Amino acid sequence: MEITGDKFNSLKVLESIHADAVEDPRYLDSPFLPLKRLSSKKKGARMEEVLEEVLKEMLFEVTPAGNTAWDRNIANKRVEIKGSFMWEDLEVFQWSQIRANDDYEYLAIMAFYPDRCEVYACDKATVIKHLQIQDEQGHWTHNQHNGKKVESADTFSMRGVPSDFPWMKPFLEVFPLP
């Protein structure tokens, strides 16, 4: 069986598909819209490239990691880079796949608002200290996998806005201009 493009375009369900398609209106006029529209994997790689290019213009030394345990060497430090756009219909970001066992020294997060990108950084030990915690009900609130009732020794996520994580500092406070 084959469903051609013409057949698909004639289906009654197409109207519902169009109605359900989500395009975050906050970003429609954003200079970051082309980046937002990329697939997750390509989006992450391009976010890393954005940060690299901007930092090089600021005269930082930035080189590729050469492996998958971190993303870039910035000022001779191993840096893992995570980026996020605001979630549709929510005023929060989510930075995922923050791994405790990877060999980076610093985490950099990029928060892509419709009109700007804010960049923050923190040393890995502080990041893990704040993510590998339980709440009052005993839930591991930042677990990426295994649910909230089982401790995940390796993979975490951060959900909120940058000010929800006061231990993350503006990037240039952690990495002063060269």
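At 54% relative accessibility, E91 counts as exposed, where exposed means over 50% relative accessible area, buried means under 20%, and partly exposed falls in between (1.4 Å probe, protein chains only). The model here is a predicted one, so local features need pLDDT of at least 70 and side-chain atom pairs count only at pLDDT 80 or more, while totals for chains, interfaces and linings use all residues. Residues are numbered from 1 along each chain as its sequence is written, and side-chain values use heavy atoms, with hydrogens and water left out.

So what does E91 pair up with? Its side chain meets that of R26 in a salt bridge, at 3.1 Å from N to O. E91 sits in the loop between β3 (77-85) and β4 (93-99), and R26 in the loop between α2 (13-20) and α3 (33-36), so this pair ties together parts that are 65 residues apart in sequence. (Helices, H or I with at least four residues, and strands, E with at least two, are DSSP runs numbered from the N terminus.) R26 is partly exposed, at 23% relative accessibility.

A salt bridge, for the record, is a side-chain nitrogen of Lys or Arg within 4 Å of a carboxyl oxygen of Asp or Glu. Side chains of opposite charge can pair when their charged atoms come close. The structure holds eleven salt bridges.

Another of these joins the side chains of D103 and R78, at 3.3 Å from N to O. This pair also links distant parts of the chain: D103 is in the loop between β4 and β5 (106-112), R78 is in strand β3, and they are 25 residues apart. Both partners are partly exposed, D103 with a relative accessible area of 42% and R78 at 25%.

R116 and D115 make a salt bridge too, with their closest N and O atoms 2.8 Å apart. Here R116 is partly exposed at 35% relative accessibility, whereas D115 is exposed, at 57%.

Then there is helix α4, which runs over residues 40-57. Its 18 residues reach 26 Å from the first C-alpha to the last, close to the 26 Å expected at 1.5 Å a residue (the expected span being 1.5 Å times one less than the number of residues). Which residues of α4 are buried? They are K43, M47, E48, L51, E52 and L55. An α-helix has 3.6 residues a turn, so residues three or four places apart point the same way. E48 and E52 turn up again in a network of salt bridges, linked with K56 and R72. Just after α4, L59 takes a positive phi of about 75°.
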